[in-house]
Amino acid sequence: MKILNSWLNDFGAFGTDKEKLSAAMTNLGLAVESVETVGTPVKGVVVARVLRTQRHPDAAKVHRVYVDAGDGVELHVWCGAFNMKPGDLIPLATLGTNMPDGRVITPRGILGIESQGMLCSSIELGLGSDSDGILILPNNLKLGADVFSALKVSSDAVFDLDVTRNRPDCNGYLGVARDLGANLGIKVVAPAGDKAKKGAVRSLKVSILNKQRCARYNLTVMSGVVVTNSPDWIARRLTNSGMRPINNVVDASNLVLLELNQPTHAFDADKVSKGFKIRCARDQETLLTLDGQTRVLETTDLLICDGADTPIGLAGVMGGASTEISATTTSVALETAFFEASGVAATASRLNLRSEASLRFERGVDPYGIDHAVSRFAGLLRESCPKLVVHAGASDVKEKTLPPKQKIVSLRVSQVNRMLGTKLTAKSVSALLAKIGFATKSTSTSKLAVIKIAVPSWRPDCESEIDLVEEVARHVGYENLGKIVPQSTMHGRLSPMQQRRRDLREVVLALGVSEAMPNPFLAPGDLAKSGLSEELAIRLANPLVFEESVLRTSLRPGLLKAISYNLSHRATDIALFEIGHVYPARQDQSQNLLPNELPNELPNESESLCIVAAGATSELAMDWWSQLSAAMGFGAQLDQKNVESGYHPTRSASLRRGKQLLGSVGEIDPLVLAKHGINVSVACFELNLSVLLNEIPKVSTAKSVSRFPRSDFDLAFSLPRSEAASSLLKVLRQAAGPELVDISLFDVYRASETAQESSTSSRSLTFRFQLQAKDRTLTDAEVSTTRNRCIDAATKLGAQFRTV
């Protein structure tokens, strides 16, 4: 929001101290991003009269202009603009003038004929935004006079404010002036409206069909309109505020919008048929808007229609081209309304049609400031249309959905002091709020003072007690509140899950693997390449690139890509891990409904751990699981009969608790490795951390250490590949009895790595047993009995004992 210093002074005696005003507005929460000086006089630019113009046969784009600068001497100037005629007064930059853009006016020749100065447009002098032609000056100016003095233009400061969404009133000068006046103790007066007597009754019928979307609609008819240029002061103010002057009618509407934060729209009354109707659009209905674009509408868009039900405007956003103000307009129908904020925001966003009006309706306008806005518009338009008639009988439809003029909010003084660290009284709080128009309705006389505050209609952002506390803070001054360090009985700490995640990372790093961070987005086909289903994977609606359009359901694809890349660059000893989020398909997801088509449903998201190592086998993956389960207290059953897709079917297992899948351990399927160009085996281990890290492990208890010697022996068995090694390990552990301290699989032998593996082939598994009693030294007979018991149990499982 751009605020002109001179314009602000129309609302109160704020002065011209830029630093003081800038600091005050910033302290009030209206951050001043920059301060710019405009309208600085350009010395050497004088008023000149056009005597005659002449075309040169060899110059197609310029012509010769002869002017008189008041001394009776005819001066010749080359000019590329053709909008002046003999008798017009124009600004002439004389020789030696330093222009705002840094140029110095010197004699310049074209076709051997020198130019004795330069004729100026408004943009070249900083007096407007029009660069299409030379600035035509009023006819009553004195020849030879300084242009800026003759136009009574002086330098001005423009404050560029960063107005936040919770201060809708400060999208207008009046709201800024109210706040600033309260802070500096300056009386603020709203700009005067039209004081002329109303004309004969002339009205247009208004009917509101959607009362929720439009709570008030005022339509005032004005005749005697002559469409022309706005007075210079209006055009300059709009230009310095970042708006382009168009004509006196549109400019008056824009000035009211900037002054009062009240959007208005002027229809050509003669082009409107049989009144106005406010309704929602029909599906695929169209409207040609003022910007020349045909808008295709939806049923959520609110329309302004004429009595014949023809759309003539998009409510709160932009008017229609069919009723646009033109040079032939003689009467206008001025719309001033209160539209639902969310509806205007949705329409403007969907159509990508942001306007100054929609911005204000989105954030909130004053539904009870409409009458003054109409009066102010008429007063501004009367300056260029002295015969303007504001007709009586304006249509002003108010629905029950209109917000109350004042909203009562209770404010506890104790809450103000608790939140701000102050010692304010009820009287001082009421006085601070009264300065900005918040009236005190009543104050309780009990020990706990509670003030009933009437919030004015121009502050729709103040809805609760905390909003009033903020208003008190702003006007006490944030810089005066001091700094208080909050006291807490608890210091900050990691949550149990966060701490266990850190512990897990330390354990994994101790395994000798490096952390990797692959891209979480995959290309179509990456999941299938890794042996995973891609049918129900979630696809991004607007990916940055096509190769990153699928959310991963596992960490494996990214790590396999990393192994493939490193092997292709002849790297060795590749062992990587990642802790990251994956997005598996929901269990209740229908096969006929893609994830992108599920309404109001978030996808599954879980945290996962994946470790991979190139050139390693399932023995290493099992060692990872053993160490992690021991260090972190994880527990799960090995299930070699239900191996996850993408894993080696006979050298892998899933980790389960009943039907719940917690992870997988083993080797990657050779077919998957071949698709990635990997020619060595890859050990892989995955865990669902969202389940395991949320568990609180049992507290470890100390065990007594036996002082008697230990007895060790080894047993080797030939076990069919169809039988899991974990099954044999479980049987041996049970058969060994209570004296078993530890059992480990330390050797695996397969007859041929290249031979085709089948369910009937076998492999040799060698286990080491460690026996130790707590109360005695085990005898050879006891050890032999345990040994035989283990052999018998393994034989019953289908294993064949082999001599070590």
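Gly 531 is partly exposed, with a relative accessible area of 24%. I begin with this residue and then widen the view; please keep in mind that the whole model is predicted. Gly 531 sits in the loop that connects helix H15 (526-529) with strand E29 (550-551). Leaving aside residues up to four places away in sequence, Gly 531 makes contact with Ser 645, Gly 646 and Val 672. Its C-alpha atom is separated by 65 Å from that of Asn 240, which is 291 residues away along the chain.

Let me now turn to the overall division. The protein is divided into domain 1 (2-39 + 157-184), domain 2 (45-153), domain 3 (199-398), domain 4 (409-480), domain 5 (496-589 + 602-694) and domain 6 (711-802). Between the centres of domain 2 and domain 4, taken over C-alpha atoms, there are 59 Å.

I continue with an open sheet. The sheet has 5 strands in the order E12-E15-E18-E19-E20, and the pairing is mixed. Strand E12 (206-208) and strand E20 (318-319) form the edges; each has a single partner strand, so one side of each is left without a neighbour in the sheet. Within the sheet, strand E15 (residues 276-280) and strand E18 (residues 302-306) run antiparallel and are joined by 5 bridges. Cys 280 is placed opposite Leu 302 in E18.

Two residues deserve attention for their backbone angles. Most residues other than glycine have a negative phi. Asn 261, although not a glycine, has a positive phi of about 55°, and Lys 274, also not a glycine, has a positive phi of about 60°. Asn 261 belongs to the loop between helix H7 (248-260) and strand E14 (265-268), whereas Lys 274 belongs to the loop between E14 and E15. Which of the two words, buried or exposed, applies to Asn 261? Its relative accessibility is 5%, so Asn 261 counts as buried. Lys 274, by contrast, is exposed, with a relative accessible area of 73%.

The next topic is strand E30 and its partners. Of the 8 residues of strand E30 (residues 575-582), 7 are buried, so the strand is largely enclosed by the rest of the structure. Strand E27 (residues 514-515) runs parallel to E30 and is joined to it by 2 bridges, with Ser 514 standing opposite Leu 576 in E30. E30 also pairs with E31, in the antiparallel sense and over 8 bridges; there, Gly 580 stands opposite Ser 608 in E31.

Helix H16 (residues 556-568) has 13 residues, which at 1.5 Å a residue should span 18 Å; the end C-alpha atoms are 18 Å apart, in agreement. Its buried residues are Arg 556, Pro 557, Gly 558, Leu 559, Leu 560, Ala 562, Ile 563 and Ser 564. Their cover includes strand E28 (521-522), H15, E30, E31, helix H18 (670-675) and E35. After H16 comes Arg 570, with a positive phi near 60°.

Finally, helix H17 (residues 618-632) has 15 residues, and it reaches 21 Å from its first C-alpha to its last, close to the 21 Å expected at 1.5 Å a residue. How are the buried residues of H17 arranged about its axis? The residues in question are Ser 618, Ala 621, Trp 624, Trp 625, Leu 628, Ser 629 and Met 632. Viewed down the axis of H17, they fall within an arc of 120°, so they line one face of the helix. An α-helix has 3.6 residues a turn, so residues three or four places apart point the same way. Among the elements that cover the buried residues of H17 are helix H14 (496-510), strand E31 (606-614), strand E33 (653-657), strand E34 (660-667) and strand E35 (682-688). Just after H17, Gly 633 takes a positive phi of about 75°.

Terms used. Residues are numbered from 1 along each chain as its sequence is written. This is a predicted model: local features need pLDDT of at least 70, side-chain atom pairs count only at pLDDT 80 or more; totals for chains, interfaces and linings use all residues. Side-chain values use heavy atoms; hydrogens and water are left out. Domain bounds come from an automatic or database domain assignment. Helices (H or I, at least four residues) and strands (E, at least two) are DSSP runs, numbered from the N terminus. The expected span of a helix is 1.5 Å times one less than its number of residues. Buried means under 20% relative accessible area, exposed over 50%, partly exposed in between (1.4 Å probe, protein chains only). The arc is that of the directions from the helix axis to the C-beta atoms. Contact means heavy atoms within 4.5 Å. Two strands pair if DSSP finds at least two bridges between them.
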